[in-house]
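Thanks for asking me to look this one over with you. Here is a short tour in numbered points, meant to be read with the structure open beside it.

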Amino acid sequence: MHDIRFVRENPAAFDLGLTRRGLAPLSAEILAIDETRRARIAAAEAALAERNAASREVGAAKARGDEEGFARLRALVTEKKDEIARLESEAAAADATLRDMLMGLPNTPMADVPEGADETGNVELRRVGTPRVFDFRPREHFELPAVKPGMDFEAAARLAGSRFVVLSGAMARLQRALAQFMLDTHVERNGLTETWTPVLVKQEAMLGTGQLPKFAEDSYETTNGWWLIPTAEVTLTNLVAGAILSDGDLPRRYVAHTQCFRSEAGSTGKDTAGMLRQHQFEKVEMVSITRPEEGRAELDRMTGCAEGILEALGLPYRTIVLCAGDMGFGARRTHDIEVWLPGQDTYREISSVSLCGDFQARRMNARFRPGEGEKPEFVHTLNGSGLAVGRCLIAVLENGQEADGSVTLPRALRPYLGGRERVDAAGALV
C-alpha cells in the first residue's frame, strides 16, 4: 500500500512509478479524494467545537431565564450534531474510496529496474552451468519411462479434475527428498529459521501481502471465509503483522515447506501437459523482514540462496531481473531464476525473489523501533521461492534422463534416498 504523504509531497515521482508499470498517472485523482477527506474532517472538527460551545451556553441561558436564547442554542446543538454526522459520513466514504484506490495500485519500481512493458524487457544477470548435450532427443518429464509408473494424471483427474497429479513410489519419494534437501540447506547453510504454518488463513492475511483485493480470482476461498494460501509468503510475512519489533529483532529470516493452491485464472491452454502448472503444488518459501537500508542487499542474499540449491543439484540456470512492466504486484525489484528444461529446450521459472520495500508492511502495519524512545518505522519485506518443489522435480528428471528411459539422480539427493542413485526405466529407485 502506498503512503499518501509521499503522494502529496512527490506527485510526479508517484506518477512516474505508475507509468513505468504501464498505468496512467493518478496522483491528481488521488489527491482530490484526499483533499475532500481532509476538508470534511476539518469541517467536522470545527462543527464539533461549535456544538460544544453551544452546549456549554445552553445551561447558562436556562439559568438566567433566557428562554429564547435557550431554544436557539438547543436548536443549534441539534443542527451541529446532524452536520457533524453528515461530515463524518462523507469523510469516512472518502477515506474508504482512497484506501481502496491505494490498495489496488501496484508497488512502484526501484530506479535500477529496467524499463519494459512485458517479459521482452527483462535483462539477464548471469547464466550458470552448461546445458547437457544429449545424443538422443530429450523427452519431457511426463514422457519418460522411469516417470510414468509414479506420475498419474488420469487418477488425479478422476479425483479432482485437470491440473492435479498423483505421485507414488519413486516420484513421491523423490519429491519429498527434494523438499527435505532444500529445507536442510536453507536452515543449516543459509541460516533461515524453519517454520511450519497453516495453509488456511483469514482474509486479513491475504490483504496484508497483496493477494487481495485485486487478485481474488487467483486464489481459493472457503465457504466460511478462510483462504487457501497461494504461497507461504502469506503466512510467513504476516507473522509480524501489527507488531512493533525492536531493532535487535531484525533481520528475521524464515523458511517453510507448504502445500500451495492457485486457481491459475487466465492460464487456460498454458502448460496443460505434465505437472509444470498445477492447482495444488509444493514450495519451499523464503521470507525476510529487514531494516529499510538492508533490503537491497538482502535481495541479493536471498537470490544466492535459491541459486545455491540449483548449483548443488547440478542444474543449469539463468537469473534475470524483471523489467518494470513484468514485475508482480507487490514488488519493487524482482530476480527470476529460470532452470534449463531439456525436454522443452528452454529455461523456465523456478524461483522469483522480490523486494517489496514497505509496501506490504503498510498493509500489515508491521513496524520496528530503530532505538529506545524513537518513533517506529515500517519494516521492509522480501520473499522468494527456494525452490518450487514440483518444478525442481521436473528439472531433475529431464536433466538426468538417459537413452534407456532411466534417470540419473543428483549426488546431493542420494543421502535422502538411502544411497540410491537412479530411477530405472521401470520406475524403481535403484
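1. Let us begin with helix H2. H2 contributes five residues to the lining of the second largest pocket, the most of any element. Please keep in mind throughout that this model is predicted.

2. Now for the pocket itself. The volume of the second largest pocket is about 420 Å³. Its lining is made of 20 residues, and those closest to the centre are His-2, Phe-6, Asn-107, Thr-108 and Arg-332. Three elements each supply two or more lining residues: helix H1 (4-9), helix H2 (11-20) and helix H10 (359-364).

3. What kinds of residue make up the lining of the second largest pocket? Seven are nonpolar, six are polar and seven are charged.

4. Helix H2 also has a buried side worth a look. Its buried residues are Phe-14, Asp-15, Gly-17, Leu-18 and Arg-20. Among the parts of the structure that cover these residues are H1 and helix H3 (27-63). If you follow the chain just past the end of H2, you come to Gly-22, which has a positive phi of about 90 degrees.

5. Next, please find strand E16 (residues 380-388). Nine of its nine residues are buried, so E16 is largely enclosed by the rest of the structure. Strand E10 (residues 280-290) pairs with E16 in the antiparallel sense, over seven bridges. In this pairing you can find Glu-285 opposite Ser-385 of E16.

6. E16 has another partner to look for. Strand E13 (residues 346-357) pairs with E16, again in the antiparallel sense, over four bridges. Here Ser-354 stands opposite Asn-383 of E16.

7. Setting aside neighbours within four places in sequence, His-380 contacts Ser-288, Ile-289, Thr-290, Arg-291, Pro-292, Gly-357 and Asp-358.

8. Strand E10 deserves a point of its own. Of its 11 residues, 10 are buried, so E10 is largely enclosed by the rest of the structure. Besides its pairing with E16, E10 runs antiparallel to strand E9 (residues 252-261), with 10 bridges joining the two. One place to check this is Phe-261, which stands opposite Gln-280 in E10.

9. There is also an open sheet of three strands, with the order E5-E7-E6 and antiparallel pairing. Which strands form its edges? They are strand E5 (200-201) and E6, each of which pairs on one side only. E5 and E7 are joined in the antiparallel sense by two bridges, and Leu-200 stands opposite Leu-228 in E7.

10. While you are in that area, look for Gly-225. Gly-225 sits in the loop that runs between strand E6 (220-221) and strand E7 (227-228). With a relative accessible area of 28%, Gly-225 is partly exposed. Apart from neighbours within four places in sequence, Gly-225 is in contact with Val-201 and Gln-203.

11. Finally, step back to the whole chain. Its secondary structure consists of 11 helices and 18 strands. The C-alpha trace spans about 110 × 45 × 40 Å along its principal axes. The radius of gyration is 28 Å, whereas a compact globule of 430 residues would have one near 22 Å.

12. How much of the chain is buried? Buried residues account for 49% of the 430 residues. As for contacts between residues at least 6 apart in sequence, 71% of them join residues at least 24 apart.

Notes. Residues numbered from 1 in each chain as written. Predicted model: local features only at pLDDT ≥ 70, side-chain atom pairs only at ≥ 80, totals over all residues. Heavy atoms only, no water. 1 Å grid on protein atoms, 1.4 Å probe; cavity = no way out; pocket = protein on both sides within 12 Å on 5 of 7 lines; lining within 4 Å. Points joined across faces, edges and corners; volume = space filled by probe spheres on them. Nonpolar A, V, L, I, M, F, W, Y, C, P; charged D, E, K, R; others polar. Buried < 20%, exposed > 50% of the residue type's maximum accessible area, 1.4 Å probe, protein only. Contact = heavy atoms within 4.5 Å. Pairing = 2+ DSSP bridges. Rg over C-alpha atoms; globule rule 2.2 N^0.38 Å.
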